[in-house]
Amino acid sequence: MNNVTVLRGLLMCFLGPLAMIPGSAQKAADGELRLNQIQVIGTHNSYHIEPAEGVMNLIRTFTPKTADSIQYTHRPLEQQLGELGVRQLELDLYADPEGGLFAEPVANRMLRKQGGQGHDPTGVLKKPGIKILHSPDFDFLTTALTFVDALKTIRRWSQANSHHVPIMILLELKETGSPLGGRLRKFDAAQLDGVDQEILSVFQRKEILAPDDVRGGAQTLREVIVEKGWPSLREVRGKVMFALDNGSHLRNAYLKDHPSLRGRLIFVSVDENDPAAAFFKLNDPVGGFDQIQRLVKAGFLVRTRADSDTVQARKNDPAKREKALASGAQFVSTDYPEANAAFSDYCVRFSGGIVARPNPVSGELGVEGIDPEKAPAQE
């Protein structure tokens, strides 16, 4: 790679991909954009820390491809929110109602590192509560050991920066991922209720944009989204919202006895004709490009990914990133909100380092360079 190519890439990382967006800058700045009419950058596995060298060597011995895929580390959550302008986070959750399930990872025992050598210096993993990690026995390092700790960090930052556009927190409930899988707890009805309860143990209900807030007096979420639309940014600044990464049985169990998500805190990805339809997880912006654009034009929220498994960063390949941004998905997730110089200068940022931009598909009211997060506080 020559010096000119490197310099061009570094400038691209700072300036971000350029995209002209039609419409009126004044209207965008005045806060007339709705939540679905902006686009923000998110991070994938936002808590993740690359395994220590000894553990990584163990993983690479058995599965080199997996080792490559987890070779990334994110900054602590408050730095992602504050210094990098991330507005969508992803947390992997494991049920641990009695405590202790994840206190002694297998890799540590194999390497004779009992106690984890700083992995859990305060013993919080031995206490009951939902835990955050990627894989229990080998890829377990995290900037937030518990769900409650992560939520407290996000809330502290939110309260100190209360004019922010909503922070979307994507939750993946995990029941597998350990060679000793039998010791993992399932997310049964009680554990699913427990996710909502832990959220409310940290955030006040008024600080959360929940399905009930969007639906109002209508019968279904889908009806409101299609006929009325999402709230304006003016109405939802300073709030957080939650979405479920899972489909299938866990999504269905979360919906059970809560038609159109009545009484629930977390949006779910369902069929677009489902009464609960409001948010969709579509991780492939290349193969799913047309579908994403159609859903965004219809008023739905979509999360997609700009990269995965470190592939794009290693190749310095922007193709998937550019499709993700052009798709109009409101939440574009990456492992690289800043470049990893060991791989390349690949990263995912907006022009001029802005935090949010008017959506290139649904945000008809903006132009390039306007940051909806910086709209006047009096809106």
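Q: Let's begin with a single residue. In which helix does leucine 295 lie?

A: Keep in mind that this is a predicted model. Leucine 295 lies in helix H13.

Q: Is leucine 295 buried or exposed?

A: The general idea is to look at relative accessible area, where anything under 20% counts as buried. Leucine 295 has a relative accessible area of 1%, so it is buried.

Q: Which residues does leucine 295 touch, leaving out those up to four places away in sequence?

A: Leucine 295 touches Glu272, Phe280, Leu282, Phe300 and Val302.

Q: Val302 brings me to strand S8. How many residues of S8 are buried?

A: For a strand, go through the residues one by one and note which way each points. In S8 (residues 301-305), 5 of the 5 residues are buried, so the strand is largely enclosed by the rest of the structure. Leu301, Arg303 and Arg305 point one way, Val302 and Thr304 point the other way, and all of them are buried.

Q: Which strands pair with S8, and in what sense?

A: Bridges are what to look for here. Strand S7 (residues 279-281) pairs with S8 in the parallel sense over 3 bridges, and lysine 281 has arginine 303 as its bridge partner in S8. S8 also pairs with strand S9 (residues 331-334), again in the parallel sense and over 3 bridges. There, arginine 305 has serine 333 as its bridge partner in S9.

Q: What unit do S7, H13 and S8 make?

A: Follow the chain from strand to helix to strand. S7, helix H13 (residues 289-297) and S8 make a right-handed β-α-β unit.

Q: How do the axes of H13 and helix H15 cross?

A: With a helix pair, read the distance, then the angle, then the handedness. The axes of H13 and H15 (residues 319-327) come within 9 Å and cross at roughly 25 degrees. Angles under 35 degrees count as roughly parallel, so H13 is roughly parallel to H15. Their crossing is right-handed. On the H13 side, Phe289, Ile292, Gln293 and Val296 meet Lys323, Ala326 and Ser327 in H15.

Q: Let me try the steps on another pair. At what angle do helices H7 and H8 pack?

A: H7 (residues 147-160) and H8 (residues 189-200) pack at about 35 degrees, with their axes 9 Å apart. H7 passes H8 in a right-handed crossing. At the contact, Phe147, Val148 and Leu151 in H7 meet Val195, Glu198 and Ile199 in H8.

Q: And another strand: which way do the residues of S5 point?

A: Val240, Phe242 and Leu244 point one way from S5, with Met241 and Ala243 pointing the other way, and all are buried. Since 5 of the 5 residues of S5 (residues 240-244) are buried, the strand is largely enclosed by the rest of the structure. Strand S4 (residues 167-173) runs parallel to S5 and is joined to it by 5 bridges; leucine 170 stands opposite alanine 243. S5 and strand S6 (residues 266-268) also run parallel, joined by 3 bridges, and phenylalanine 242 stands opposite isoleucine 266 in S6.

Q: Let's finish in a loop. Where is asparagine 45 found, and what does asparagine 45 touch?

A: Asparagine 45 is found in the loop between strand S1 (38-43) and helix H3 (53-62). At 2% relative accessibility, asparagine 45 counts as buried. Leaving out residues up to four places away in sequence, asparagine 45 touches Tyr72, His74, Glu90, Asp92 and His134.

Conventions:
Residues are numbered from 1 along each chain as its sequence is written. This is a predicted model: local features need pLDDT of at least 70, side-chain atom pairs count only at pLDDT 80 or more; totals for chains, interfaces and linings use all residues. Side-chain values use heavy atoms; hydrogens and water are left out. Buried means under 20% relative accessible area, exposed over 50%, partly exposed in between (1.4 Å probe, protein chains only). Helices (H or I, at least four residues) and strands (E, at least two) are DSSP runs, numbered from the N terminus. Two strands pair if DSSP finds at least two bridges between them. A crossover is right-handed if, with the strands pointing away from the viewer, the path from the first strand over the helix to the second runs clockwise. Axes are lines fitted to C-alpha atoms, for helices over the stretch in contact, and angles run from 0 to 180 degrees between N-to-C directions. Angles under 35 degrees count as roughly parallel, over 145 as roughly antiparallel, 65 to 115 as roughly perpendicular and the rest as oblique. A crossing is left-handed if the near helix is turned anticlockwise from the far one by less than a right angle, and right-handed if clockwise. Contact means heavy atoms within 4.5 Å.
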